[in-house]
Amino acid sequence: QVQFVESGGGLVQPGGSLRLSCAASGSIFRIYGWYRQSPGKQREWVADITSTGNTNYADSVKGRFTISGDNAKNTVYLQMDNLKPEDTAVYYCKVVSILYKEYWGQGTQVTVSS
């Protein structure tokens, strides 16, 4: 059974920062990623990182968000800086196993507002 522990969400003012974390267990993974979804909108890919450290970002977060990982802990992080109101969403951790099966975390709410 694949299990997740997601944390780090909360309320922050525009221009502020948050750091999300996702610890996954129960398998060996090759890709870790973050997605987000706002009410009434389609789920959006944010960033991902491979087990070898290659990273990719959506254009909307480039230069503001940084994804990183700790292979020893099977944990992925998302450092979010200069947050904007449009970043408000539920953020979901996704992992891809070595057999390319996808698993999703429970999500954590990020709200950017004054």
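Analyst: Two strands pair if DSSP finds at least two bridges between them. Strands themselves are DSSP runs of E with at least two residues, and helices are runs of H or I with at least four, numbered from the N terminus. This is a predicted model, where local features need pLDDT of at least 70, side-chain atom pairs count only at pLDDT 80 or more, and totals for chains, interfaces and linings use all residues. Residues are numbered from 1 along each chain as its sequence is written, and side-chain values use heavy atoms, without hydrogens and water.

User: What makes β1 and β3 a pair?

Analyst: Five bridges join β1 and β3 in the antiparallel sense. The rule asks for at least two, so the two strands pair. V5, for instance, has A23 of β3 as its bridge partner.

User: Which strands make up the open sheet, and in what order?

Analyst: The order is β1-β3-β8-β7, with antiparallel pairing.

User: Why are β1 and β7 called edges?

Analyst: Each of β1 (3-7) and β7 has a single partner strand, so one side of each is left without a neighbour in the sheet. For β7 (residues 65-70), that partner is β8 (residues 75-80), over six antiparallel bridges.

User: Why is T75 called buried?

Analyst: Buried means under 20% relative accessible area, exposed over 50%, partly exposed in between (1.4 Å probe, protein chains only). T75 has 9%, so it counts as buried. T75 lies in β8. Leaving out residues up to four places away in sequence, T75 touches C22, A23, S68, G69 and D70 (contact: heavy atoms within 4.5 Å). The T75 side chain also reaches the backbone oxygen of K73 at 3.0 Å.

User: How do you know that C22 and C93 form a disulfide?

Analyst: Their sulfur atoms are 2.2 Å apart. The cut-off for a pair of cysteine sulfurs is within 2.5 Å, so the pair qualifies. C22 lies in β3 (residues 18-25) and C93 in β9, so the link ties together parts that are 71 residues apart in sequence. The angle about the S-S bond is -80 degrees, which is left-handed. Both cysteines are buried. The structure holds one disulfide.

User: Why does R36 count as buried, and what does its side chain meet?

Analyst: R36 has 7% relative accessibility, so it counts as buried. R36 sits in β4 (residues 29-37). Its side chain makes a polar contact of 3.0 Å with that of D87. The limit is a pair of N or O atoms within 3.5 Å; within protein, one must be able to donate a hydrogen and the other to accept it, and residues adjacent in sequence count only if both atoms are side-chain atoms. Contacts of R36 beyond four places in sequence include Q42, S60, F65 and Y91.

User: Why is S60 called partly exposed?

Analyst: The relative accessible area of S60 is 36%, so it falls in the in-between class. S60 is found in the loop between β6 (55-57) and β7. Beyond four places in sequence, S60 touches R36 and E44. Its C-alpha atom is 8.1 Å from that of V46, 14 residues away along the chain.

User: Which residues touch the most other members of the largest nonpolar core?

Analyst: W34, V46, F65, V76, L78, M80 and Y91 do, in a core of 27 residues. Such a core is a set of buried Ala, Val, Leu, Ile, Met, Phe, Trp, Tyr and Cys residues joined through side-chain atoms within 4.5 Å. Elements giving two or more residues to it are β3, β4, β5 (44-50), β7, β8, β9 and β11. Contacts of Y91 beyond four places in sequence include W34, V46, F65, L78 and M80.

User: Which residues of β11 form its covered face?

Analyst: T108, V110 and V112 are on the covered face, and Q109 and T111 on the uncovered one. In a regular strand the side chains alternate between the two faces of the sheet.

User: What makes β2 and β9 partners of β11?

Analyst: β2 (residues 10-12) pairs with β11 in the parallel sense over three bridges. G10 stands opposite V110. β9 (residues 89-97) pairs with β11 in the antiparallel sense, also over three bridges. There V90 has Q109 as its bridge partner.
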